Amino acid sequence: QVQLVESGGGLVQPGGSLTLSCAVSGTIFSINYMGWYRPAPGKERELVALILSDNRTHYADSVKGRFTIARDNAKNTMYLQMSGLKPEDTAVYYCNLHQGSSDYWGQGTQVTVSS
């Protein structure tokens with residue numbers, strides 16, 4: 001039914017920028033919220049950024065001021081704009097969509113920050 005496909009990951013130098021995309025396909029009537037997650041020590045996944053149906057956003061303290069989450073409804077795509085990247089940001093980033101009682105995940109895209 002609903003499928004999420006991440007793209008845009010890659011290798012960047014510290015201080016660089018990168019934008020991730022999450023393409024959504026399938027039958028979707030309404031979206032409660034969407035977000036980006038990444039693995040973290042002691043956690044299966046930690047929330048990086050979240051955007052609600054009313055466009056309110058939330059960010060992890062570690063990425064505030066550096067990352068921006070946005071959506072393009074016409075293209076059925078969600079974005080994560082990253083700047084001032086640090087080696088600690090290296091991770092597989094996952095796209096998540098929550099609709100009603102359903103939860104959907106993408107397969108992830110690798111981001112590596114290294115010189």
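Biologist: Among contacts between residues at least 6 apart in sequence, what share joins residues at least 24 apart in the protein chain?

Modeller: Keep in mind that this is a predicted model. A contact here means heavy atoms within 4.5 Å. Looking at contacts in the protein chain between residues at least 6 apart, the share that joins residues at least 24 apart is 51%.

Biologist: Okay, and how many helices and strands are there in the protein chain?

Modeller: Read from the N terminus, the elements go β-β-β-β-β-β-β-β-β-β-β. The count for the protein chain is therefore zero helices and eleven strands. With a radius of gyration of 14 Å, close to the 13 Å from the globule rule for 115 residues, the chain is as compact as a globular protein of that length. So, to your question: zero helices and eleven strands.

Biologist: Which strand pairs with strand 3 over six bridges?

Modeller: Strand 3 (residues 18–25) pairs with strand 1 (residues 3–7) in the antiparallel sense, over five bridges. Leucine 4 has valine 24 in strand 3 as its bridge partner. On six bridges, again antiparallel, the partner of strand 3 is strand 8 (residues 77–82).

Biologist: Last one: what percentage of the 115 residues is buried?

Modeller: Buried means under 20% relative accessible area. By that cut-off, the buried part of the protein chain's 115 residues is 40%.

Note on methods
Residues are numbered from 1 along each chain as its sequence is written. This is a predicted model: local features need pLDDT of at least 70, side-chain atom pairs count only at pLDDT 80 or more; totals for chains, interfaces and linings use all residues. Side-chain values use heavy atoms; hydrogens and water are left out. Helices (H or I, at least four residues) and strands (E, at least two) are DSSP runs, numbered from the N terminus. The radius of gyration is taken over C-alpha atoms; the globule rule is 2.2 Å times the number of residues to the power 0.38. Buried means under 20% relative accessible area, exposed over 50%, partly exposed in between (1.4 Å probe, protein chains only). Two strands pair if DSSP finds at least two bridges between them.
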